[in-house]
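Work through the following exercises with the sequence and the coordinates side by side, and try each task before reading its solution.

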Amino acid sequence: MSEFTIAQLPDPSGFSTDALTDVIRAGARQLIEQAIHAELAVLMSMFSEDRLEDGRARLVRHGHLPEREVMTGIGPVSVKVPRVRDRASVEDKIIFTPSILPRYLRKAKSVEDLLPWLYLKGVSTGDFTEALAALLGPNAKGLSAKTITRLKADWWQDYEAWQNRDLSTRRFLYIWADGVYFKPRMAEEKQCVLVIVGADEYGRKELLAMTDGFRESTQSWREVLLDLKQRGLKQDPKLAIGDGALGFWSALREVFATTREQRCWLHKTMNVLNAIPKSMQEKAKGHLHDIWQAETKAAANAAFDFFVKTYGVKWEKAAAKLIKDRDAMLTFYDYPAEHWKHIRTSNPIESVFATVRHRTKRTKGCLSRKTGLAMAFKLMMSAQKKWRKLDGQNRLPEIIEGVEFRDGLRQLQTAA
């Protein structure tokens with residue numbers, strides 16, 4: 001007998017506090033339609049050569065069936081099923097019925113049971129028949145390999161369209177950059193994906209660029225940044241945040257010469273601690289936190305000097321790793337204090353890609369570099385819907401105007 005006896009009533013508004021559920025609900029309709037149209041394309045191609053005596057095609061598109069709602073565990077999802085017309089004078093007319101959405105299906109266990117999310121969650125093409133039979137019943141037929149291929153092609157087309165979008169009307173004040181590695185199953189080496197996330201003048205975070213790169217070389221990063229500029233990003237961002245990879249910073253100085261630099265404290269902390277014995281890492285980590293958590297730049301510099309004097313005698317390499325980026329580590333003090341927690345680290349990119357690595361590990365089929373990039377793009381776009389805006393959005397116009405900030409506070413402008 002359960003110890004919890006209070007009945008949980010569903011929220012009549014359908015609101016859910018679960019982030020993943022909200023992401024799935026937002027994309028469910030589009031993903032269902034993509035899967036249905038992929039299957040329809042296979043059917044149309046099978047009968048593309050069938051003609052009537054007068055030369056007309058036997059099978060043609062014929063609008064849509066009335067829209068219906070499929071009740072799922074995350075609420076109702078409205079769907080439209082395309083209709084086909086068989087012009088042949090035969091008894092057994094060809095009727096299109098999607099495998100994942102039978103004609104009279106009104107309920108589903110959850111949106112996660114549907115085709116695209118099954119693939120993203122690691123179900124290989126060969127396992128769809130068994131998976132759909134378990135989820136939708138023994139009469140559910142597995143979709144063909146061609147349908148799955150078309151579905152993945154749709155993801156790639158979405159990615160290419162996004163890569164070519166116009167940015168001429170946009171302005172981004174902060175950008176975060178990172179090179180993230182994961183290993184597709186068909187590749188001998190890990191795939192390096194170069195990612196840039198930006199925050200616009202309204203404080204909204206957005207995925208700006210994501211492309212397959214050769215390691216994190218200057219040339220690879222230069223191509224990414226030049227592509228952004230070519231598509232309309234004319235104004236230099238005010239600040240770029242990233243780790244110590246020299247390739248990105250060299251390219252940034254060439255393409256966006258006026259953009260200031262902030263090194264990621266998360267990456268720097270890990271690099272410094274790697275040069276210190278494990279027995280001392282916890283203590284050293286606390287002293288590193290004293291630097292970037294200081295209220296003023298002067299206090300941060302004092303904590304910086306203390307760390308170098310305390311640990312530099314025995315562990316020169318650890319101190320050297322910290323000293324070489326000293327100025328770039330403390331740039332954030334020249335920006336509003338409300339933004340400090342956002343601009344001290346590039347962790348937003350790394351945390352999102354933890355999901356990508358999890359999915360690519362679970363995918364049992366042969367995952368090519370192209371498919372891996374398309375999958376990463378779809379997951380990043382889903383995650384983007386839940387990214388928080390910057391705190392202190394009222395400070396953004398001041399940054400655009402060039403107002404001076406010192407220790408996170410606006411400095412009063414004196415008359416000349």
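This is a predicted model: local features need pLDDT of at least 70, side-chain atom pairs count only at pLDDT 80 or more; totals for chains, interfaces and linings use all residues.

**Exercise 1.** Describe the protein as a whole by its secondary structure, burial, surface and contacts.

*Solution.* Begin with the secondary structure, where the protein has 15 helices and eleven strands. Next take burial: of the 416 residues, 48% are buried, while the accessible surface comes to about 22,200 Å², with 52% of that area belonging to carbon and sulfur atoms. Finally, consider the contacts between residues at least 6 apart in sequence, of which 65% join residues at least 24 apart.

**Exercise 2.** Determine how helix α5 and helix α6 pack, and which residues form their contact.

*Solution.* Two packed helices are described by the angle between their axes and by the distance between those axes. For α5 (residues 218-230) and α6 (residues 246-255), the angle is about 40° and the axes are 8 Å apart. The crossing of α5 past α6 is right-handed. On the α5 side the contact includes W221, L225 and L226, and these, together with other residues of α5, meet a set in α6 that includes F248, L252 and V255.

**Exercise 3.** Decide whether H267 is buried or exposed, and find its contacts beyond its sequence neighbours.

*Solution.* First locate H267, which lies in helix α7 (residues 265-273). Its relative accessible area is 14%, and since buried means under 20%, H267 is buried. Once neighbours within four places in sequence are left aside, H267 is in contact with D178, D243 and S346.

Terms used:
Residues are numbered from 1 along each chain as its sequence is written. Side-chain values use heavy atoms; hydrogens and water are left out. Axes are lines fitted to C-alpha atoms, for helices over the stretch in contact, and angles run from 0 to 180 degrees between N-to-C directions. Helices (H or I, at least four residues) and strands (E, at least two) are DSSP runs, numbered from the N terminus. A crossing is left-handed if the near helix is turned anticlockwise from the far one by less than a right angle, and right-handed if clockwise. Contact means heavy atoms within 4.5 Å. Buried means under 20% relative accessible area, exposed over 50%, partly exposed in between (1.4 Å probe, protein chains only). Accessible areas come from the Shrake-Rupley method with a 1.4 Å probe; for residues, only the protein chains shown count as cover.
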